[in-house]
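Please work through the following exercises with the sequence and the model at hand. Each task is followed by a solution in steps.

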Amino acid sequence: MNRLIEILTVENLIALVTLASLEIVLGIDNIVLIAILSGKLAPPEQARARRLGLLAAMGMRIVLLLAIGLIMRLTTELFSVAGHPVTGKDLVLLAGGLFLIAKATFEVHHKLEDPVERPTRSRQVASVRAVVVQIMIMDIVFSLDSVITAVGMAQEITVMIAAIVIAVGIMMLFAGAVSRFIAHHP
């Protein structure tokens, strides 16, 4: 009970509201990506994939939050490029950014090359498991900035985790509506 009272300070409540709001705003791109990825599935499986993907993504964000201390400590210069020191943290962020660009390019190209909705080989091959794994991987890339911000804004790990849970809950509420909108207005 004392621990709960220690956590429920005005400062922590402000941090919770701020972080949850930030997670929601930064999660909009997540919802769009989830809508695109789950759209590859048969309609009855789409909602299930969105739910499982968001839950798995929430778990990954919490794990990332707990591991961010390690990533933030990767500040030792490994080598330099054009006089700029490159650290392990830089390499992690670069790899994530390149993966995100490649995946987004592939998805946009797929949408533009086949704008007419009809069964395709990729639709037949897509499984809920494959979509959930893609959602989890993409969430790591998308959430890195918000997790780093959370570490800088709040002192309590409990507050940071609560903000993630609240934000994912709200994303779950709106993921279906956003998916329907994207399906009708690609």
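**Conventions**

This is a predicted model, in which local features need pLDDT of at least 70, side-chain atom pairs count only at pLDDT 80 or more, and totals for chains, interfaces and linings use all residues. Residues are numbered from 1 along each chain as its sequence is written, and side-chain values use heavy atoms, with hydrogens and water left out.

**Exercise 1.** Describe the secondary structure, burial and surface of the protein chain.

Solution. Begin with the elements: the protein chain has 8 helices and 2 strands. Helices are DSSP runs of H or I with at least four residues, strands are runs of E with at least two, and both are numbered from the N terminus. Along the sequence, their order is α-α-α-α-β-β-α-α-α-α.

Next, consider burial: 34% of the 186 residues count as buried. Buried means under 20% relative accessible area, exposed over 50%, and partly exposed in between, with a 1.4 Å probe and protein chains only.

Then take the surface: the accessible area of the protein chain is about 11000 Å², and carbon and sulfur atoms hold 70% of that area. Such areas come from the Shrake-Rupley method with a 1.4 Å probe.

Finally, turn to contacts (heavy atoms within 4.5 Å). Among those in the protein chain with a separation of 6 or more, 80% join residues 24 or more positions apart.

**Exercise 2.** Determine how helix 2 (residues 10–26) and helix 3 are oriented, and which residues form the contact.

Solution. The two axes come within 4 Å and cross at roughly 40°. Axes are lines fitted to C-alpha atoms, for helices over the stretch in contact, and angles run from 0 to 180 degrees between N-to-C directions. Helix 2 and helix 3 are therefore classed as oblique; angles under 35 degrees count as roughly parallel, over 145 as roughly antiparallel, 65 to 115 as roughly perpendicular, and the rest as oblique.

Ile24, Val25 and Leu26 of helix 2 touch Ile28, Asp29 and Asn30 of helix 3. By class, this contact comprises 4 nonpolar, 1 polar and 1 charged residues. Ala, Val, Leu, Ile, Met, Phe, Trp, Tyr, Cys and Pro count as nonpolar, Asp, Glu, Lys and Arg as charged, and the others, Gly among them, as polar.
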